[in-house]
Amino acid sequence: MSEVHIRHRKFNTKQTYPTQNLNNDLCQVVCARGTTIFVRGQVGQDIDDFRSIESMSAYDQADRAMQNVRQLLEEVGSRLEHICRIQVYITDRKYRDDVYQAIGKWLKGVYPVSTGLIVSGLARPEWVMEVEATAVIPDSE
């Protein structure tokens, strides 16, 4: 079966969530037809290192998550300026200012549409925020 879309950084949830009974094949980024990029929700952990981030502030988690977004976009030939849409999930309203300040620093002058949601929890208790992004590489590039 040939892939219509490019699936970058494939993984199985057995490795990323060893304490949970999961067995799902996922990836960090999907390039749809080579120009539309879907970045999986990113949290404050380095994408190559799954150590605990319990001591990180909400601002630092959002800052690290955006570093991950930038890295993943660049790995597939895109960049932050191509982001059209972000979705931000936070576990408590009190984190909103810090999270959005960190994200705003990375997206200054980009002007994506944004949806922010307050959720009761994320996959790990130490995660206080998550951001996902959709980017479109312009035809002129």
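Select Asp 46 and Arg 64 in this predicted model: their side chains form a salt bridge, with N and O 3.7 Å apart. Asp 46 sits in the loop between β3 (36-42) and α2, while Arg 64 belongs to helix α2; the two are 18 residues apart, so the pair links distant parts of the chain. With a relative accessible area of 30%, Asp 46 is partly exposed. Arg 64, at 18%, counts as buried, because the limit for buried is under 20%.

Stay on helix α2 and select Asp 63 together with Lys 105. These two form a salt bridge whose closest N and O atoms are 2.6 Å apart. Lys 105 is in helix α3 (residues 96-106) and Asp 63 in helix α2, so this bridge ties together parts that lie 42 residues apart in sequence. Asp 63 is buried, at 13% relative accessible area, whereas Lys 105 is partly exposed, at 47%.

Next, select Arg 9 and Glu 75. The closest N and O atoms of this salt bridge are 2.8 Å apart. Arg 9 lies in strand β1 (residues 6-12) and Glu 75 in helix α2, so the bridge ties together parts 66 residues apart in sequence. Both ends are partly exposed: Arg 9 has a relative accessible area of 25%, and Glu 75 has one of 32%.

Now show the strands. Six of them form an open sheet with mixed pairing, and the order to trace is β1-β2-β3-β6-β4-β5. At the edges are β1 and β5, each of which pairs on one side only. On average, neighbouring strands in this sheet are turned by 15 degrees against each other, direction ignored.

Within the sheet, zoom in on β3 and strand β6 (residues 129-136). The two run antiparallel and are joined by five bridges. Select Phe 38 to find its position opposite Thr 134 in β6.

Bring the helices back over the sheet. Helix α2 lies across β1, β2 (25-32), β3, β4 and β6, and runs at about 25 degrees to β6. Helix α3 also packs on the sheet, where it touches β4, β5 and β6; its direction makes about 155 degrees with that of β4.

Move on to His 82, in the loop between α2 (58-75) and β4 (83-90). Is His 82 buried or exposed? At 5% relative accessibility, His 82 counts as buried. Show side chains here to see a polar contact of 2.9 Å between His 82 and Ser 78.

The last stop is Ile 118, in strand β5 (residues 113-118). Ile 118 is partly exposed, with a relative accessible area of 42%. Which residues does Ile 118 touch, not counting residues up to four places away in sequence? The contacts are with Ile 90, Thr 91, Asp 92 and Arg 93. To place this site relative to Glu 74, draw a distance between the C-alpha atoms of Ile 118 and Glu 74: they are 29 Å apart in space, and the residues are 44 apart in sequence.

Definitions and conventions
Residues numbered from 1 in each chain as written. Predicted model: local features only at pLDDT ≥ 70, side-chain atom pairs only at ≥ 80, totals over all residues. Heavy atoms only, no water. Helix = DSSP H or I, 4+ residues; strand = E, 2+ residues; numbered from the N terminus. Buried < 20%, exposed > 50% of the residue type's maximum accessible area, 1.4 Å probe, protein only. Polar contact = N/O pair within 3.5 Å; in protein donor to acceptor, adjacent residues only side chain to side chain. Salt bridge = Lys/Arg side-chain N within 4 Å of Asp/Glu carboxyl O. Contact = heavy atoms within 4.5 Å. Pairing = 2+ DSSP bridges. Axes fitted to C-alpha atoms, helices over the stretch in contact; angles between N-to-C directions.
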